[in-house]
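Subject: Structure handover

Hello,

Here is the structure for you to take over. My notes follow below it.

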Amino acid sequence: MKLKVFRYDGESGESRYDSFEIESGPGMTVLSALFKIQEELDDSLAFRYSCRGAVCGSCGMLINKVPRLACRTQVEGLLRGEGQVKLRPFPGMEETVDWDPEREVLVEPLPNLAKIKDLIVDMDKFFEFYRAVEPTFKPASEAPEKERLMDQEAVSELEKCTNCVLCASCVGACPISGKTEREGKEERGGEGETKEFLGPAALAKLYRFHIDPREVEDDSRLMLANDKRGWWGCEFNANCKAVCPKSVPPILGIGKARREIQKLGKEPE
Amino acid sequence: MGGEETESGYPIHIHDVIIIGAGLTGLRAAIETVDAGLDTAVISKVHPLRSHSVAAQGGINAALGNARAGDSWEDHAFDTVKGSDYLADQDAVELMCKNAPGAVIELEHFGTVFSRLQDGRIAQRPFGGGMFPRTCYAADRTGHNILHTLYEQLIGRELEQSKGSEVSGASEESKGSKESKGSEESKSGGKITFYEEFFVTSLVKTGISSGEKGPEQGERCVGCTCINLADRTLHGFSCRALLLATGGFGRLFTRSTNALINTGDGASLALRAGVSLKDMEFVQFHPTTLYGTNILITEGARGEGGYLLNNKNERFMKDYAPKSMELAPRDIVARSIQQEVDEGRGFDDKYVLLDLRHLGKDKIMERLPGIRLISMDFAGVDPIEEPIPVQPGQHYSMGGIAVGNDLETELPGLYAAGECSCVSVHGANRLGGNSLLETVVFGKLAGQAISKSLSFSSAGEGVRSGDKKAVLEKLSEEDERVKALLARDSGVKMAGLRDELKKLMFEYFGVFREGKKMEEGLEKLLELKSRYTEVYIENKSAVFNQALIYALELRGLFDIAEAVARGAIARKESRGSHARTDYPDRDDENFLSHTIYRLEGPGAERKIEGKPERKPEEKVGKPEEKPVLEYQPVRLGKFPVKERVY
């Protein structure tokens with residue numbers, strides 16, 4: 001089989017696709033195939049990696065036009081046509097090159113984030129949006145001597161969001177993320193912040209703090225994203241939920257947040 | 001100031017404290033130093049959230065007594081000491097176990113979402129070698145949850161800083177480098193700066209001969225040099241205290257549960273700065289790693305009631321640890337599995353089975369959802385329907401940089417904590433659930449020790465001219481080394497050499513060891529090491545040149561391999577994870593002591609002043625440094641040394 005890999009040189013701005021002939025075997029993941037290329041064929045290929053066990057979130061990339069973690073994506077499964085995901089149109093879906101899905105695996109960087117080198121994208125913007133939702137636990141009360149009590153049901157509900165590994169696959173799949181210059185941007189102080197949609201991962205993180213029973217039960221977390229950059233930017237394409245390697249459902253949180261805001265009569269415009 | 005200077009072409013960053021490594025230890029330490037008002041930099045070769053701590057599954061030990069009343073720190077300490085095969089220092093163990101409940105409660109207060117009991121308190125599960133169910137957990141994603149929480153805490157501090165600095169003027173971000181700055185100046189003292197995707201190439205010391213006046217006499221660690229992966233530029237760092245929190249060296253072995261980034265960089269950096277390593281021969285092989293990829297299958301799977309089965313469908317642990325069965329400590333279970341396989345009772349002569357089916361779907365889904373996903377993703381097995389194929393694999397490094405209970409090394413200003421260090425709390429075998437505990441307890445204590453030693457903050461002016469000179473000298477030395485490596489166009493291929501090393505280590509210094517075989521292994525190791533001088537890479541790019549980083553990591557792996565090998569050969573006994581077929585018994589008379597390994601001689605970089613006579617790269621591989629082994633007594637305590645039966 002062949003791995004067709006997007007190559008990009010940030011210095012010259014040039015890009016191309018390279019095809020590498022690989023002998024695949026059972027259990028070979030896209031990440032292990034990339035390492036094979038690095039070790040045996042071309043040591044200049046660049047991609048991020050760390051845990052190789054789908055927990056660290058380093059290796060999110062566009063594989064056969066779907067954002068996935070390279071480490072948990074089996075090459076042979078792809079060739080057999082398994083694990084196909086139906087997605088609404090998003091920038092990564094555009095046909096960029098011919099490829100034969102029965103014999104080739106197409107590997108490209110995540111869309112919606114600036115390219116740096118080959119499969120490595122600039123994650124600064126992603127983490128800027130993460131910071132924008134103030135992702136720090138703000139307890140409602142002074143710290144007790146022991147732990148704050150929680151129901152396991154509440155824990156299970158929170159886990160749906162805390163399972164996020166911040167791999168940015170959802171942002172890569174989102175038809176709204178990456179679109180610039182949206183309307184309704186004039187308010188919100190002059191800190192020079194981006195007006196772009198914060199994206200599913202950041203909003204899932206924000207929602208996780210909103211529903212944490214140990215935090216103040218008010219609308220302060222909801223109001224942090226009460227605009228088009230936040231809850232109201234989502235158009236419920238649901239690509240985020242479909243591609244999440246950890247089954248995090250950002251759109252469910254976004255929908256619930258909107259309904260709560262509507263109940264309070266605080267929706268913008 | 002606290003900014004950068006670019007004289008002589010190298011950016012130099014000045015901070016009070018530099019922490020290398022952004023896993024649990026590094027981040028916990030950073031919280032402490034930032035809160036103490038210190039200007040703190042965290043340097044990591046990956047984004048902090050990609051650190052290997054994120055992969056910890058099963059949990060963190062603390063005698064909370066939630067799951068069963070009556071647990072105490074003393075019981076926890078006893079289990080830890082017994083688990084260590086009496087090699088742990090008992091005062092250090094006491095420190096860790098006493099601090100454990102407070103550390104876990106603090107994590108909960110930071111926002112970690114732990115799994116809960118019916119009554120809402122933190123849940124606990126039994127783990128190997130523990131008398132009580134005392135392992136607190138967040139399903140089977142405990143490391144992930146704690147690491148994200150600690151990072152969130154630091155981001156909170158960073159955001160507060162930048163709010164504070166907005167008043168005093170906008171800070172300019174330097175584009176093209178991956179550092180994210182909190183603020184230039186923060187009124188409320190502490191400051192955090194992350195240098196992500198920066199690879200540390202060396203530590204910088206000053207010595208007596210620098211002729212500088214100051215409060216300290218003698219040698220001192222004053223900084224480090226780094227390569228920025230994004231553009232291959234060399235950066236100098238100057239500090240008043242430096243903490244190594246770089247994790248373990250699992251990637252020295254072919255079969256390892258560790259992340260691919262775990263190349264033991266910190267131990268090599270320390271060794272080359274003349275600092276001793278301790279107990280390096282004690283390498284933990286985890287009994288249950290997924291056959292094929294060796295991804296960890298948590299001990300929690302057995303803690304929840306999972307069985308180990310051989311090809312006769314027997315729970316073979318009855319023959320090895322009849323009382324504890326599957327929940328005997330890791331060294332014992334790993335050896336038992338290996339023996340079953342070696343004696344033909346495994347499957348394909350490679351693995352045994354971990355059966356969870358009797359736990360039922362609900363329990364598996366609630367307590368072990370991550371394990372189920374891993375088994376399905378990486379082995380095509382759903383543990384609700386089928387048993388999981390498992391085999392032992394390298395998991396943890398008990399040994400590490402020699403430190404005292406205050407986490408300081410013998411080199412003033414240099415600290416080490418977490419897996420890269422050896423306090424020692426794990427001795428010859430670590431208990432499951434004690435490594436996460438070590439990271440947060442000793443990370444915090446390291447931060448406190450550093451803060452205490454630097455009782456006032458004075459970034460910028462605090463840097464003496466001698467320090468800067470030392471940093472600059474080291475930078476040009478490192479620059480030469482990198483250039484020499486890049487200039488080589490033929491020779492030995494990096495990947496092949498690394499593979500050979502990893503295979504050799506697993507084969508000759510694996511689960512079972514034997515004197516003659518190890519001698520042979522060391523000989524081969526030294527032969528491989530000598531070839532490192534000829535290593536070349538084809539990639540000459542400046543942007544994300546990962547081949548270059550692998551080649552630099554490989555030098556460190558050779559340093560560590562030799563320490564492991566020499567320590568293992570010299571220790572003529574079996575204790576904990578160090579199991580010798582030629583010396584099957586523990587020998588307290590001769591070996592109830594820590595192995596100390598260091599490099600001595602001209603190459604040990606004892607001198608800072610003046611140009612080295614040889615070119616730096618010639619030092620590599622054919623070192624004049626003489627490896628020296630010494631022994632240090634174990635600090636015993638209230639628990640008498642006894643035979644270890646489970």
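Which helices of chain A are included in what covers the buried residues of H6(A)? They include H3 (124-132), H4, H5 (169-173), H7 (220-223), H8 (239-243) and H9 (250-264) of chain A. Here, helices (H or I, at least four residues) and strands (E, at least two) are DSSP runs, numbered from the N terminus. A residue is buried if 20 or more other C-beta atoms lie within 10 Å of its own, exposed if 12 or fewer, and partly exposed in between, with C-beta atoms placed from the backbone.

Some housekeeping. This is a predicted model, where local features need pLDDT of at least 70 and side-chain atom pairs count only at pLDDT 80 or more, while totals for chains, interfaces and linings use all residues. Residues are numbered from 1 along each chain as its sequence is written, and chains are lettered from A and ligands numbered from 1 in the order in which they are written.

Back to H6(A), residues 200-210. This helix is mostly covered, with 11 of its 11 residues buried. Among them are A:Pro200, A:Leu206, A:Tyr207, A:Phe209 and the charged-class pair A:Lys205 and A:Arg208. The classes are: Ala, Val, Leu, Ile, Met, Phe, Trp, Tyr, Cys and Pro nonpolar; Asp, Glu, Lys and Arg charged; the others, Gly among them, polar.

Next, the contact between the chains. Chain A gives 42 residues and chain B gives 43. Two residues are in contact if their C-beta atoms, placed from the backbone, lie within 7 Å. On the side of chain A that touches chain B, strand S6 (115-117) and helix H4 (152-162) each give two or more residues. H4(A) has the largest share, five residues. By class, that side of chain A divides into 18 nonpolar, 11 polar and 13 charged.

Now chain B. It has 16 helices and 27 strands. Of its 646 residues, 63% are buried. Take the contacts in chain B between residues at least 6 apart in sequence: 76% join residues at least 24 apart.

Axes are lines fitted to C-alpha atoms, for helices over the stretch in contact, and angles run from 0 to 180 degrees between N-to-C directions. Angles under 35 degrees count as roughly parallel, over 145 as roughly antiparallel, 65 to 115 as roughly perpendicular and the rest as oblique.

- H2(B) (73-83) and H3(B) (90-110): the axes come within 9 Å and cross at roughly 135 degrees. H2(B) is therefore oblique to H3(B). Residues in this contact include B:Trp73 and B:His76 of H2(B), and B:Val93 and B:Cys97 of H3(B).
- H3(B) and H10(B) (434-453): the angle is about 85 degrees, with axes 9 Å apart. That makes H3(B) roughly perpendicular to H10(B). B:Met96, B:Asn99, B:Ala100, B:Ala103 and B:Leu107 in H3(B) meet B:Leu437, B:Glu438, B:Val440 and B:Val441 in H10(B). This contact has seven nonpolar, one polar and one charged.
- H13(B) (515-531) and H14(B): the angle is about 160 degrees, with axes 10 Å apart. The two are therefore roughly antiparallel. The contact has eight nonpolar, two polar and three charged residues.

Last, H14(B) itself, residues 546-570. It spans 36 Å from first C-alpha to last, close to the 36 Å expected at 1.5 Å a residue. The expected span is 1.5 Å times one less than the number of residues. H14(B) is mostly covered, with 23 of its 25 residues buried.

Best wishes
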